[in-house]
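Subject: Structure handover

Dear colleague,

I am passing on the structure below, together with some notes on what was found in it. Please read the notes with the structure open beside them.

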Amino acid sequence: MKYKVICGLLMKLLLFSTLLSGAQITDPFNYLGQKKVTVNKGAVVSAHPLASNAGVRILKQGGNAIDAAIVTQLALAVVYPGAGNIGGGGFMVAHLKNGRNITIDYRETAPAKAGRDMYLDKNGNPQLNLSQDGHLACGVPGTVAGLFASMKYAKLPFKKLIQPAIELAEKGFAITASQADDLNELKNEFIQLNTSPPAFVKKTPWKAGDTLIQKDLANTLKRIRDLGAKGFYEGRTANLIVAEMTKGKGIISYQDLKNYKPVERKAIEFDYKSFHIISMPLPSSGGIILQQVLKMIEKRNIGAMKFQSAESVQLLTEAERRAYADRAKYLGDADFVKVPVKVLVSDAYLEARMKDYTAGRAGNSETIKEGIVKESEETTHISIIDAEGNAVAITTTLNGSYGSRTVVSGAGFILNNEMDDFSVKPGVPNMYGAVGSGANAIAPGKRMLSSMTPTIVLKNNHPYLVVGTPGGTTIPTSVIQSLVNMIDYNMKPEDAVNKPKFHHQWLPDEIFTEKDFDAATARRLQEMGYKITIRGEIGRTELIEIKAGKAKPITAIADKRGNDGAEGY
Ligand code: DON
């Protein structure tokens, strides 16, 4: 007995030391991610080293950034089930080597049976457990349709791109310490919210280095490999989703799945100083917030103020307050509601928005509301650059960590809880504290408003930065800070990502800071009249800097805040 325990301990030590040894990733049971790579050809940075590695391997085999994006997303669906997904949705922003900028929207949609008041009880009170947990919280997944929509820009056959994910699901991989903690913490929810225990539930507690095998997921991936998008949206997988819905009072129907359509949309594009920024349009609020905030600060020379001085934090905070107030009032799925985007991002409007800004004195969200328009914890980001000069930024999500925590029985994947990104009732905060209005009310087929901000920055018409992050409503403000850190403060990319972050979103009227945010600045901001609240980590930003404008030299940075990994060659 003693001998067994000692052997077990030795095995653990061995695995742990190999996990820490920095060995090249060839073995999913023995790997360690790198936080920074400096390379010349191509790079992938994502939330999991095994997924980044699968992406770089495909680049080396002649794939382009879009091939790598497909491989990495599919691998994340296996090795990072808390956010990587086939049961969720996402956005892709790409700059192609021919100079075209594209975006693909594969956001989830509300099922046909969804309705504006579906999460209110008979007294009109919101039941947020229903919009956040279990079957009724799920939007119609978009990821698989998005992968196939991006195939038209890829070079290699889909069968090759999905193979690494199939192998990781079938043969398993070693989970990280934080994944073990998550799975242990969520054990009861996984049992309660599922009709049969998923692969994530194990009798004894999970520990770092344990193997996670996902046989049902492997079979679903094989159906997608063999039948294309129909392997998910029709036939056996669709039937399994509908059967799961029936068991748990969910409302996604076979027809909802069959009808799902990804959409190519015109990117949000604008100049900030001498840089050209490309980001995601509605149904994400991300690109609009990015443009509004950067344009509100552009002429105020934040670079001349000290990094995270009270002065610079105040400027960003007040711009954020105004942008998020507009978000709450005006933004929603523009295929369903009229959104005055042109006005909201116009110079005249944004100048007027900052008229009541007073340096040194805190604004107030009771008096500063949306502008006047005169006119009718889980998500993950991938940044990729290839040797040809194609750049891809993708943010994809299940919404909360492990989404609805509902796994489709027999199909092995987690469904999202994206319905909570709708405004379930005007003024009622969602799980990220965001409030909304009629513009983001639930309607059948409508896409819920997002904050995801996959972004590419061009310098002299060549990709210079590829960036994005998870973090709910903190996403746009994290991306903004990373950009300002690079552009205005000339920081090294690892500092631009890893320095403390802060966030303001109009309501609640507080500046949220990470715990290592400068205490003297925080005190100074309090003196100006701001409420400061220290919160947990903000975002997990994945950033690539391409120095010479062409695809070299490249520095890829994985956020220190997670197990994220950068790979390149
Ligand atoms: O689309 C959105 O804005 C949210 N569903 C994103 C959620 C998220 O980033 C969670 N990550 N920590």
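A backbone N or O atom of Gly472 lies 2.6 Å from an oxygen atom of the ligand, and the protein covers 97% of the 350 Å² of accessible area that the ligand has on its own (areas come from the Shrake-Rupley method with a 1.4 Å probe, and for residues only the protein chains shown count as cover). Before going further, please note that this is a predicted model, in which local features need pLDDT of at least 70 and side-chain atom pairs count only at pLDDT 80 or more, while totals for chains, interfaces and linings use all residues. Residues are numbered from 1 along each chain as its sequence is written, and side-chain values use heavy atoms, with hydrogens and water left out.

To stay with the ligand, one of its oxygen atoms is 2.8 Å from a polar backbone atom of Gly471, and an oxygen atom of the ligand is 2.9 Å from an N or O atom in the side chain of Arg107. Of the 16 residues around the ligand, those that come nearest are Thr379, Glu418, Asp421, Ser451 and Gly472 (a residue is near if one of its heavy atoms lies within 4 Å). By class, this shell has four nonpolar, seven polar and five charged residues, where Asp, Glu, Lys and Arg count as charged, Ala, Val, Leu, Ile, Met, Phe, Trp, Tyr, Cys and Pro as nonpolar, and the others, Gly among them, as polar.

Arg321 is buried, with a relative accessible area of 0% (buried means under 20%, exposed over 50%, and partly exposed in between, with a 1.4 Å probe and protein chains only). The side chains of Arg321 and Ser365 are joined by a polar contact of 2.8 Å, that is, a pair of N or O atoms within 3.5 Å, of which, within protein, one must be able to donate a hydrogen and the other to accept it, and residues adjacent in sequence count only if both atoms are side-chain atoms.

Finally, some backbone details. Most residues other than glycine have a negative phi, and most peptide bonds are trans. Asn461, however, has a positive phi of about 70° and, at 64% relative accessibility, counts as exposed. The peptide bond from Leu282 to Pro283 is cis, with omega near 15°.

Best wishes
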